[in-house]
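Subject: Structure handover and findings

Hello,

Here is the structure for your files. My notes follow below it.

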Amino acid sequence: MEVYIQMIGWHKLAIPSSLRLFVNGEFTLINCGENNQRFLNEHKMHIARIKNICFTKISPETIGGLIGLLLTIDNISDNSISIYGPKPIERIINNFTSSFAKIKNLKITIHEFSDNNIFPIILKGNVIITPILLNKKNVITTKHETDTIQNCEQTVLDKRKKMNEVSNTHDNELNNVYKNKNGEIGENLSPKETNSNYLKKRKLNVPEIEHEEAYESKTEIVNDNSDNGKIEKYKEDLDRDSNKIDNTNNNITNSTEIEKNSSMKQCIFYLIECPQTIGKFHVEKAQKLNIPPGKYYGMLKSGKSVTINNKIINPEDVCDKNIDGKKSLVIDLSDTEYIDCVIGEIKNKEHFYLNNLEYIFHLSDEKILSNKTYKDYFLKLKNIKNIKCNQSNSSLKICPFISSSSLTNILSKLMPNIFLKYKPDDPIYELSSKMLNNYSDEKGSNSFKNTNNDSNSILNVNFKNEVECKNADNSFTNEDGIASFEENTNKNYNQKVINSNENKEEYTTYLSYNTLTKFVLHPFHKINICTDEMLTDLYPSTFNSSKISNFTHENDNLMKPIWDFNKKLNDNATMLPSFYFLGTGCSIPSAFRNVSGIILNIQKDFSVILDFGEGSLYQLYWISKSWIQFTESIKSIKYNTYSYFVIIILIFYRVIFISHAHADHHVGIYYFLYIRKMIFPNLDPPLILIPKTLKSWMNLFNELFLDIEMRIIYNENDLEIKEIISEDNFLTLHLFKVNHIKESYGIKIESKDIGSIVYSADTRPCDNVKRFAKDCNILIHEATFDDELLVEAINKKHSTIHEAMQISLDEKLF
């Protein structure tokens, strides 16, 4: 049996901190942030074999990818999946599965941990995950919580004891069957059957104990296809959510507020424990004791005593001592107030937590990891590897999506002003809206100009010099971001701590690894940190650069229009209005294309979002090309910097339009709103146009994670809205019904800056699109299917390429 933990997420703007536990062919996810399903799919990581998802806390960073992942698994499998986490995980899943994310095939069982309901999770192969619930409201653990935790620990011990008792009873029965009155091997089983039974016993020391069925807080989502998925419990929660007001949160009841404050203060850290590794069996010792080979060898290897000729032979007579299974801790704290609580808990039960502890995976952010109390305790633990799994305060040193990154690398050399490349620089999250007063348009424009490639150099594109491409602008090399246990003094990963009351200190014992690194826990002789699959490149090369280079040099006639186009677009930052297509894929993100998302930049301080599927925030971050430095000093940091991405993209989005309730068109907007508030908490909210189907979910998300007054208008046919762009300029929005699902809408956007733009969203060709597209300047029309798939397009209410082009021809848009 093999057990390992693999790093999946590491950066809140790419894939937030998450891990994948592998046990005997099945997987358990620890947290499921944005882009998880896209990453797992691209790297062929068997999402259908995910059996459990454990959450360390309830936050958009931990649950942002859950909706998309469950829908994808539901689409490809009819398996069952168990979800574990603190409150209000049950209410959250209930809400989205009852409104817009219908689950048809997948059976979901939810186990919600609470102060009086916490239990160990027994995985295949008797790997035990013990959750420990932390409450910020009680930094000093109460007697009730202590009793609950002790009961959980006792449950683990009882299960281990039960396994051994069952194992011993089972073997005694077998021993009685196999022995005759002389103590010799009986003939009631064939040698083949005997060997088969003991081969199974040798592979696994004890029989597996399945989950108990009587957990107190277990909810099953029963999937009734005739009713598009029906929730058996908590229907009243959904009704309550849907009755909330639309544009303000002032009517949240006191009881709801109390429930939110209580549940949102909970974090869980997990102890993962492997079974024992059986000691080595020495054949020569068995031979000296005249033990016949076969059944008795197997029994002794399994840790059982045997009797031969009335002589008892114990396993320790022929085997090395069994090796206790290794342990790992997964810690993810949302606030520094948890630090004393988690350290106190571990100190009080050091033997339970620290005995045979191999790894501690720290998923918390830099505020926690750089805390002196936290570091002084965890980094001084002997013979324990502290793994830093959250590198959100650093720029991206790697791209998790190899295919799209490699393609961008090629296309950006051909058309650098269209296919933008990410420029690494460390983000600063703790900004204030007051800093906007220091923003300099001139500096921003100049910075953007300087980072664009000279048009003369574009004419001589050299696709062979991949090393130069990787090292451009930031001297990034493949070795950055990779640390090993033997070389943990790598200067790239020194943790520089800045504290207003202390001198600067350097710590180098957090070990930092890139995503896909494996940390092997079992069997004992294979314990290791495996970096064979670890990603190392920001812009990997999966295409044959030499062939592409030869093609461009040998086809000047084809390349000349591209070169002419590049000369006209030396400075794309000043070219407004403009579009960013963040994703043009279907319901499941592919290797090269993310799901739907479009940005319309009308002016430098006014942009419109047209749909925003999961992962669109990462797509925005990936095309950020310049960071602007400003002079205000914060604490002991000499200069603070913030990005063109942060200022322009996060702040100046004034209108968000969601065309319909399919998850691939709107799930990313919630994480966007969360990050926007985190960086600039005092900004006014944008105007959000959404289908009424999303009312309950938007209210719940706002209640739990935003707590702001929302500006929401629900989509209606022939709805017209005017937004002020400037003193003498208005933006007019016309909404119209299209032919896709019940609440599907297109939009026409008009202003003197852009003329008129029509976005059809998902639809069959319909009269409304034709009517509003007449005489427009730009039509963005979906074309999901190739022409030969017309029947499928009709059945799923999408359009083909030919049908979309025909509308443009009919309305004379060329």
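A residue is called buried under 20% relative accessible area, exposed over 50%, and partly exposed in between, using a 1.4 Å probe and protein chains only. At 27% relative accessibility, I278 therefore counts as partly exposed. The model is predicted, so to speak of local features a pLDDT of at least 70 is needed, side-chain atom pairs count only at pLDDT 80 or more, and totals for chains, interfaces and linings use all residues. Residues are numbered from 1 along each chain as its sequence is written, and side-chain values use heavy atoms, with hydrogens and water left out.

Helices and strands

Helices (H or I, at least four residues) and strands (E, at least two) are DSSP runs, numbered from the N terminus. I278 lies in the loop between strand 11 (266-273) and helix 9 (283-288). I278 and D324 are 46 residues apart in sequence, and their C-alpha atoms are 8.7 Å apart in space.

Y296 belongs to helix 10 (residues 295-301) and, with 2% relative accessibility, counts as buried. Between Y296 and I308 the separation is twelve residues in sequence and 9.1 Å in space, C-alpha to C-alpha.

Helix 23 covers residues 668-679, twelve in number. The expected span of a helix is 1.5 Å times one less than its number of residues. Ten of its twelve residues are buried, so helix 23 is largely enclosed by the rest of the structure. The buried residues are G668, I669, Y670, Y671, F672, L673, Y674, I675, R676 and I679.

Sheet and hairpin

Two strands pair if DSSP finds at least two bridges between them. An open sheet is formed by seven strands in the order 7-8-11-14-15-16-19, with mixed pairing. Its edge strands are strand 7 (121-122) and strand 19 (510-512), each of which pairs on one side only. Strand 7 pairs with strand 8 (residues 128-135) in the antiparallel sense, over two bridges. There, I121 stands opposite I129 in strand 8.

Strand 30 (residues 720-726) and strand 31 (residues 729-737) run antiparallel and are joined by six bridges. The two form a hairpin, with two residues between them. E723 has L731 in strand 31 as its bridge partner.

Salt bridges

A salt bridge is a side-chain nitrogen of Lys or Arg within 4 Å of a carboxyl oxygen of Asp or Glu. By this rule the count comes to 15 salt bridges. One of them joins R91 to E703, with the closest N and O atoms 3.2 Å apart. This pair links distant parts of the chain: R91 is in helix 4 (residues 89-99) and E703 in helix 24 (residues 695-706), 612 residues apart. R91 counts as buried at 5% relative accessibility, and E703 is buried with a relative accessible area of 2%.

E803 forms a salt bridge with R764, where the closest N and O atoms are 2.8 Å apart. This pair also links distant parts of the chain, 39 residues apart: E803 is in helix 27 (residues 801-810), while R764 is in the loop between strand 33 (755-759) and helix 25 (767-773). Both E803 and R764 are buried.

E792 and K796 form a salt bridge with their closest N and O atoms 3.1 Å apart. E792 counts as partly exposed at 31% relative accessibility, and K796 is partly exposed with a relative accessible area of 47%.

Surface patch and cysteines

Patches are made of residues with over 30% relative accessible area and no salt bridge; like charges are joined within 9 Å, and nonpolar side chains (Val, Leu, Ile, Met, Phe, Trp, Tyr) within 5 Å. Accessible areas come from the Shrake-Rupley method with a 1.4 Å probe, and for residues only the protein chains shown count as cover. I418, F419 and F565 form a nonpolar surface patch with about 240 Å² of accessible area together. F565 is found in helix 20 (residues 556-568) and is partly exposed, with a relative accessible area of 33%.

With a disulfide taken as a pair of cysteine sulfur atoms within 2.5 Å, the structure holds zero disulfides. C586 is partly exposed, with a relative accessible area of 39%, whereas C766 is buried, with a relative accessible area of 13%.

Regards
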